[in-house]
Amino acid sequence: MADGDFTVSKPSNGLAKIRTEGSGHGICHDDSALPVKAQTIDELHSLQKKRWSSPTTPMDQQTQQQAFIAASEEERHKQRLQSISASLASLTRETGPKLVRGDPARNAEGANRVHHVTPTVSVTDSALKFTHILYNLSPAELYEQAIKYEKGSFITSAGALATLSGAKTGRSPRDKRVVIDETTSEELWGSPNIEMDEHTFMVNRERAVDYLNSLEKVFVNDQFLNWDPEYQIKVRIVSARAYHSLFMHNMCIRPTPEEIENFGVPDFTIYNAGQFPCNRYTHYMTSSTSIDLNLARREMVILGTQYAGEMKKGLFSVMHYLMPKKQILSLHSGCNMGKDGDVALFFGLSGTGKTTLSTDQNRLLIGDDEHCWSENGISNIEGGCYAKCIELSKEKEPDIWNAIKFGTVLENVVFDEHTREVDYEDKSVTENTRASYPIEYIPNAKIPCIGPHPRNVILLACDAFGVLPPVSRLTLAQTMYHFISGYTALVAGTEDGIKEPQATFSACFGAAFIMLHPTKYAAMLAEKMEKHNAAGWLVNTGWSGGRYGVGNRLKLGYTRKIIDAIHSGSLLNAEYKKTEVFGLQIPTQVEGVPSEILDPVNTWADKEAYKETLLKLAGLFRQNFEVFADYKIGQEGKLADEIFAAGPNF
């Protein structure tokens, strides 16, 4: 955005003509182009950038109509500032700063521009100052803001914006709070959602708003969630950093100029004051960090952390609450679609291969992380991807590698001081290095990011115990059981030699983000799978022939062959046999995969050790599931009984 149009003058034929006669001062004049229409450097800079606006009335229309359109646009800008001003008003003092559009560095005369002042009850220092609103800036403008004003922001050799997230380089789940009121106390699942009261939220909200109001400028993004227009959510993000604004520009769905003009009041608002801490002596606070959700007010407040992923996952939690109320299933999954329209969902925790397997060059990518399943089909919640960068290589992840270019945000990476080439192996800042980029940076992304009802639901587990089969076909009850369990296994470490693997369970493969009880999401999943005839699969991307340290990791090539067989439908017609304990149906043959590895017992040299490890993992599953066993769903709780019976049987 800028302050005017400019016209490009074409040079005359041939070389530019230089003449010295007639001036009387010996000064050369270039007459190959018309003089620049500017008297000052500021005017010249204003000509350098074209205004981003909606289509204007043709020049041959009546002047009165042009004036009307100009007045209407100014009124829309005024209404937008009024809405933002209301958002930034202190609810205690009922006053906010005067808001003006544009960058204070470019608008020294900003105090003379048209603005809207929130109705005031009492005069405060905040009300006597101007806050400049940098509204829905383009990536180029945000680059400029970050590099000029934010220490630690640089352009890498690939054109991405490298930046630092401060002291926090990951999410702080123990600092996430949800306001509990009469409604939410009956609805929310208590496990991941730590409660707070309305008063404490308002204390933190005022602290965040006061901080934002104290700044000379704030960034405001108005964007969308959910590619399905029937169930789209309007979100507003108010932040202090250009990095955060660019991150959300990438991660949310970007509105057109026409959609911006008609955006209206947002459905949900984030106040990101992450550079400012919460008051540790405030009730419910356990550190200087607090991420607070108020579902009744539809607001989120961030204090004490600059990690951008808090905004992304905070909105995902909101969708996990709002969508099921509309009978829409929100899912923490990857999703892709074949050329014939067959859609597959991929669930999996970190390290299971969810991103790798859902990003398939032979299929269209609908999304890599967050989706909704409605009566219209599947839709991506986001407008971008948030990929891990540690040990990234062009050979292993060509799509992600090529997506790191101008417009991409690189968090906490290390790069060469001179060449600005990123070292993706370097963990000096954190192992959780990340790249945020628009989904259209992936060549085979399906735009818009929607598709028909899924045919296959694939649950991924990296089993470091080495006892789960490479692939199993699941019954509906087994799909619900393993979906609620959300299993994978992590390696404990090798400080004193090989240690035992550690089982990890995360309900619905995203326990930190779900708001309702896991069985509610599982029941919705089963209902939709049954209605649309979707098949359930459990795919192990972990070890075979022994646990970690004894056996070997299953080859990615074999896993891809298994996934291809699921996509093609050939596995539906394969012969199956049933395993012991877990009762899983495993195929006897898969094209391109050695038959002996399909049943894990065949790959273990020590059969007694296999049986002992199998029973150990089964016991961990049973122990984890005990917290869900008493939750009754279905008529007289019959469905809950079926799910529990679908687990390991001793």
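Here is a short walk through a helix, a strand residue and some cysteines in this predicted model.

Let's begin with helix H13, which runs over residues 556–568 and so counts 13 residues. From its first C-alpha to its last, H13 reaches 18 Å, close to the 18 Å expected at 1.5 Å a residue.

Which residues of H13 are buried? They are Thr 559, Ile 562, Ile 563, Ala 565, Ile 566 and His 567. If you trace what these buried residues pack against, you will meet one helix, H9 (354–358), along with several strands. The strands are S15 (334–337), S16 (343–347), S26 (454–461), S27 (471–474) and S30 (535–540).

Next, let's move to strand S11, residues 268–273, where you will find Thr 269. Is Thr 269 buried or exposed? Its relative accessibility is 8%, and because buried means under 20%, Thr 269 counts as buried. Setting aside neighbours within four places in sequence, the residues in contact with Thr 269 are Arg 236, Arg 298, Glu 299 and Met 300.

Finally, have a look at the cysteines. With a disulfide taken as a pair of cysteine sulfur atoms within 2.5 Å, the count comes to zero disulfides. Cys 449 shows how this works out: the nearest cysteine sulfur belongs to Cys 385 and is 8.2 Å away, so Cys 449 is in no disulfide. Cys 449 is also buried, with a relative accessible area of 0%. Cys 462 is buried too, and its relative accessible area is 6%.

Definitions and conventions. Residues are numbered from 1 along each chain as its sequence is written. This is a predicted model: local features need pLDDT of at least 70, side-chain atom pairs count only at pLDDT 80 or more; totals for chains, interfaces and linings use all residues. Side-chain values use heavy atoms; hydrogens and water are left out. Helices (H or I, at least four residues) and strands (E, at least two) are DSSP runs, numbered from the N terminus. The expected span of a helix is 1.5 Å times one less than its number of residues. Buried means under 20% relative accessible area, exposed over 50%, partly exposed in between (1.4 Å probe, protein chains only). Contact means heavy atoms within 4.5 Å.
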